[in-house]
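Hi there,

Here is the structure I promised to pass on to you. Have a look at it first, and then read my notes below.

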Amino acid sequence: MTDTVSRDNAYHGGKYVNLMVDPERSALLKKISTDLASITLDDRQLCDFELLTTGAFSPLTGFMNRSNYESVLDRNKLQDGTLWPVPICLDVSETAARPLEAGQSVVVRDPEGFLLAIMHVEDIWKPDKEKEATLLYGTTDKSHPGVANLFRNTGEYYLGGTLEVLNLPLHFDFKQQRMTPPEVRGLFKKLGWNRIVGFQTVNTIHRPEFEMAIRAMHKSHANLLLLPGVDMTGPGDFDYYTRVRCYRHVVGYFPPESAVMSLLPISMRMAGPRDALLQCIIGKNYGCTHFIIGHQHADPGRLNGAAPFYDSSATHAFVQKFAEELDIGVVPFDELVYLPFEDEFCPKDEVPAGTETISLSSLDIRERIRTGREIPRWATFPEVVGELKKAYPPPSRQGFTVFFTGLSGSGKSTIARVLYAKMLEIGKRPVTLLDGDIVRQNLSNELSFSKEHRDINVRRIGFVASEITKNRGVAICAPIAPYAATRAEIRSNIDALGGFIEVHVATPLEVCEKRDRKGMYAKARAGLIKGYTGIDDPYEIPEAPEVRVDTTGKSPDEAAQEILIYLGQKRYI
């Protein structure tokens, strides 16, 4: 452990930055805002905006300009030499960027149009996303959710500039747990705390994480600040409402008046070493003198035994390298494993040779909850298990979506209708059939058949399916859905709410053409129709669907039976 305690507990960069303007300035900005162009922030950007406004990102005074962005990527420092590992930029589409120029001001709004701030634009540029992915994440592998978000969801252009903030984003939940850095520091002062170890997590805290926090408090002779990340986290994470209820239970297990919790509205990059260092900076701004860097810290994690994206020892070494410059004590931890005969937890690297150990990661526990398997008593707290089971029932009581994808004529709609009838026959849940053509007639009749509009239609189907799944019904969807990125986006949205079963109806193109009653393939071959999937617009074959079925020489009943067998194996029916 690097036991460095800040002499004056100063904010990072030596000053606290509060971007809220005074009432007089606010009134003036409101008057001029009606004449300015507007930019609408999405949920991810709102998180960065709030941390900028409250000073959790001190000393930043707004979204980074180009010189700071490039300096951070290249050398982990702002242009003035201040340590900073992760770019904090405002991305926009080409359409939004086109009318803007450096030197003008724009209004910043939330998705509902609520006025948040005025941004004074300094720079507009098109980033090199390959370079950003390589330097920030250490990979361009799109199976990394941060990389996938960068390439699929991040706008083509970045805006940099200072902010004058009139209003913070609106929150209607857990208001007592949402504190700014000065408020948290004021609480420390009231409690007489001088040494505080920070613990930032987006995972539910189970026994290993609790034991790690207790050990960190002992090592650093400090009280604990728990900073749970809420709002934007990783794919498949438990929703933050459930996690916060779990955190409240866990805080009660710490010694009396030794732990404080403040929710952190953070958009996780999951960038391993750089993200871990950014969390240390945030912790310092909240008044922490020490910070916990755990096993696979800020790693998106992988299931089924696949190697993590980042080596834990390399992450620890990276953060330790900058600890003295940051003036914070780093408390690193290896994986904690359970010793069943001793009934205690121990760091893996301290376990005596030959000693039996058991390990369940947060990902393992999450998977057990979602699949309805039992959680061992030693792994977590009974109140936590109760909250998780209440929010995430076993598959037999979950909602789920069966999402068919395949070429026109592959047999998707027919199999979907058979499956729909079978699910109604079973009768355990409400069932909705969302066929691509039916949805287009009733929900998307204003759309054309352009590539953009076809994608919008599929996203609408995905949205309706997510609402059905959330309310524990069954959605059966049968669009063509040719694009992998759109399917991945829909999967990510639904995975957080229930089951998602992708069915690739892999009937070959030549078979589909023979079945073409409407003659659409023939028209596309003749050039009478442009952008037809499978002819002059690509169909991106799913890499790992839950079920893959070829209907060549197979009846719809036989194909549907394969899906029902899968649903039975996974205990959905």
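Which residue does D42 form a salt bridge with? The partner is R44, and the closest N and O atoms are 3.6 Å apart. A salt bridge here is a side-chain nitrogen of Lys or Arg within 4 Å of a carboxyl oxygen of Asp or Glu. D42 is partly exposed at 30% relative accessibility, whereas R44 is buried at 15%. Buried means under 20% relative accessible area, exposed over 50%, and partly exposed in between (1.4 Å probe, protein chains only).

Before you go further: this is a predicted model, where local features need pLDDT of at least 70, side-chain atom pairs count only at pLDDT 80 or more, and totals for chains, interfaces and linings use all residues. Residues are numbered from 1 along each chain as its sequence is written, and side-chain values use heavy atoms, leaving out hydrogens and water.

By this rule there are 22 salt bridges. In one of them, R66 meets E70 at 3.0 Å, N to O. These two are four residues apart in helix α3 (residues 66-75), so about one helical turn separates them. Helices are DSSP runs (H or I, at least four residues), numbered from the N terminus. R487, R491, E502 and E546 are linked in a salt-bridge network.

Happy exploring!
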